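Reader: I'd like to learn how to read a model like this one, feature by feature. Can you take me through it?

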Amino acid sequence: YICIFFKCTLNYLFPQVKMNVGVAHSEVNPNTRVMNSRGIWLTYALGVGMLHIVLLSIPFFSVPVVWTLTNVIHNLGMYVFLHAVKGTPFETPDQGKARLLTHWEQLDYGVQFTSSRKFFTISPIILYFLASFYTKYDPAHFIINTASLLSVLIPKLPQLHGVRIFGINKY
Amino acid sequence: MTESSVKKLSNGDRCYSTNGVKPGKNGCVKNHYLYKKQHCYPEEKIYHVEHNGGLYKRPFNEVFEETPMLVAVLTYMGYGILTIFGYLRDFLRKWKIEKCQNATEREEQKDFVPLYQDFENFYTRNLYMRIRDSWNRPICSVPGAKFDVMDRVSYDYNWTFKYTGKVVKDVINMGSYNYLGFAENHGLCVDAAADVTMKYGVGVSSTRREMGNLGKHEELEKLVARFLGVEAAMAFGMGFATNSMNIPALVGKGCLILSDELNHASLVLGARLSGATIRVFKHNNMQSLEKLLKDAIVHGQPRTHRPWKKILILVEGIYSMEGSIIRLPEVIALKKKYKAFLYLDEAHSIGALGPSGKGVVEYFGLDPKDVDIMMGTFTKSFGAAGGYIGGKKELIDYLFTHSHSAVYATSMSPPVVEQIITSMKCIMGEDGTTLGQDRIKQLAENTRYFRRKLQEMGFIIYGNSDSPVVPLMLYMPAKIGAFGREMLKRNIGVVVVGFPATPIIESRARFCLSAAHTKEMLDTALRMISEVGDLLQLKYSRHSLVPLLD
């Protein structure tokens, strides 16, 4: 039992024993380049499409409800993964500079208005347009969709880079 | 838009269909392409061979085939599913439904500020642990062309391993950096090293400046200088320390370092420690380098616009993750045009390239005096340990007094030095046999044969057709573990690498060829790789092989 604990501690303390085999390259934080790699925008679009189709196949949801649900679930997922989760899922050689930064803030090392930032800003807006159209501008759906869109657009503003309102999610 | 491996390719995306070979205006960096096909799509990578009027004396053949889009999408899906399952398992572990095998803090310490961030360990505990048996396999013989691997089994999904006591014998070794086959425990080098151990002992635990300087070290340095064709050379005990401790001695604040995108961490660390400004140019891309040089000279230092004190270009001979060879003729032409200095790290290319093993400078037929600082390691081709720096006598004299390694680090151990001396003399042919020359030829043949066969089978291989490092693309995370395990079942040991050491979709298996591999071993390996490739559907390549002009 003790040796298992010891081995686990060793693994915990020396996690360089990883897939970094025989190389130690100069890309300090690979998280910054993930959204620029080949095919990820397509995968993201396909993922949203998949979500929509799955929701459409549930028999007791009407089309407006499905669109609002798609919009809300997509924005919720985007908020959690891009603006709530902080740090990197692996150890980086920069002594944790990105530990308190969300993925959105880490993209391209904080450079604003790069192409992947623009893409991920525009895609919830497009989804919002589609949802508004298919819900026939119904007031209740409108309020839900707009609130959800704002929750995912406001954190993307460059003025809010690194800002934590009321200390939420600071550490 | 999104990046792709096409951008990694040679200079620009220009598609010339002319075939005249005119020399460039300034005699330097214009390249003309000689295409096989008449049309060329920018996304489709074609085999193209460059013949530049005066700079390249041999064809330079480097291809990085693009990731097929379907494969990229499936790879992201794979990582997405693994992430979701990772979160699920973490949830189960938190609510004690599943036992947590990782180290956790004691109950009393839970209210304190945490020592580690859980999330940084996410990848290790949820992805790496599942396929951990493909790495750090214990061996019990010398890692030559074949080795013996200890059999181990895990009953708790790789959290702990138990040895069954059996030994898997004669596993073909495709992972060691054993380019000339000097990793052996019998033969001339070993006998010489044993004699020297008897005579000199295992080492003087002292620095070169105090008591550690032996006659053997001086002999080694003279030999290295003669081997490389430079005025003087200096040897250090560690290859990593050679880079990280000597670059700060050469450049400082007010200097500019232009380093390649994919440089090794030792170079990056040395550059950071020096305090100079670092600018990164795209991998092996001469336009990017020229643009940076021009901007640097025109604009000077950032705020004051004073001229830079020195401009140092940091490149490697062979990049081991990509298998690409640096475009040295163009780099030297640029360096001469803009009056910069060149630091060439030949860790993988010394002994492995060139008709007599003298590295990438000889491979291109250039003059070693053009490279200001030639650095290399003894670890890969010479079967020893340590690094060297070669250059002008003033440079080496300066480094003797100003380098951290020279002043503070312990001197090299005599048997290691003797191993280097013997193997170097063997390569140069001075021991009276043709063993060195045979090995170099064997390595070149093995490289050509292996690469050609793999390409014919339909795998995607990165890199230059002359580089003995062969990365084979796997792409999907599950295939990383599957490839490692299936190859071991068939008695072949390979090295697989994944994210975050490589870009997220470009996980690969890296084969390192050796002069010790016979043709039968390579044939066996190729047969097994083809079998596993069919089983795992790894034959992604969309090109059929075009017969080369030569």
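Author: Here is a walk through some features of the two chains, with the general idea ahead of each case. This is a predicted model, where local features need pLDDT of at least 70, side-chain atom pairs count only at pLDDT 80 or more, and totals for chains, interfaces and linings use all residues. Residues are numbered from 1 along each chain as its sequence is written, chains are lettered from A and ligands numbered from 1 in the order in which they are written, and side-chain values use heavy atoms, with hydrogens and water left out.

Reader: Let's begin with the overall picture: how many helices and strands does chain B have?

Author: Helices (H or I, at least four residues) and strands (E, at least two) are DSSP runs, numbered from the N terminus. On that basis chain B has 15 helices and 19 strands. Buried means under 20% relative accessible area, exposed over 50%, and partly exposed in between, with a 1.4 Å probe and protein chains only. Of the 550 residues in chain B, 56% are buried. A contact means heavy atoms within 4.5 Å. Among the contacts in chain B with a separation of 6 or more, 70% are between residues 24 or more positions apart.

Reader: Is A:Asn71 buried or exposed?

Author: A:Asn71 is buried, at 0% relative accessible area. A:Asn71 sits in helix 4 of chain A. Not counting residues up to four places away in sequence, A:Asn71 touches A:Leu127, A:Tyr128, A:Ala131, A:Asn145 and A:Ser148.

Reader: And which residues make the nonpolar surface patch?

Author: Patches are made of residues with over 30% relative accessible area and no salt bridge; like charges are joined within 9 Å, and nonpolar side chains (Val, Leu, Ile, Met, Phe, Trp, Tyr) within 5 Å. Areas come from the Shrake-Rupley method with a 1.4 Å probe, and for residues only the protein chains shown count as cover. Here A:Leu56, A:Val63, A:Ile122, A:Ile126, A:Leu130, A:Phe133, A:Tyr134 and A:Tyr137 make a patch of about 780 Å². Helix 6 of chain A gives the most to it, with 5 residues. A:Tyr134 lies in that helix and is partly exposed at 34%.

Reader: What about salt bridges?

Author: Side chains of opposite charge can pair when their charged atoms come close. The rule is a side-chain nitrogen of Lys or Arg within 4 Å of a carboxyl oxygen of Asp or Glu. The count comes to 33 salt bridges over all chains. One of them links B:Glu66 and A:Arg38 (3.3 Å, N to O). B:Glu66 lies in the loop between strand 3 (62-63) and helix 1 of chain B, and A:Arg38 in the loop between helix 2 and helix 3 of chain A, so this pair joins two chains. Both B:Glu66 and A:Arg38 are buried.

Reader: Which parts does the pair B:Lys425 and B:Glu219 tie together?

Author: The closest N and O atoms of B:Lys425 and B:Glu219 are 3.9 Å apart. B:Lys425 is in helix 12 (residues 414-428) of chain B and B:Glu219 in helix 4 (residues 215-228) of chain B, so the pair ties together parts 206 residues apart in sequence. B:Lys425 is partly exposed at 29%, and B:Glu219 is partly exposed at 34%.

Reader: Last one: how should I read a positive phi?

Author: Most residues other than glycine have a negative phi, and most peptide bonds are trans. A:Tyr109 is not a glycine, yet has a positive phi of about 55 degrees. A:Tyr109 is in the loop between helix 5 (103-106) and helix 6 of chain A, and is partly exposed at 48%. B:Asn158 has a positive phi of about 70 degrees. B:Asn158 is in the loop between strand 4 (146-153) and strand 5 (162-173) of chain B, and is buried at 7%.
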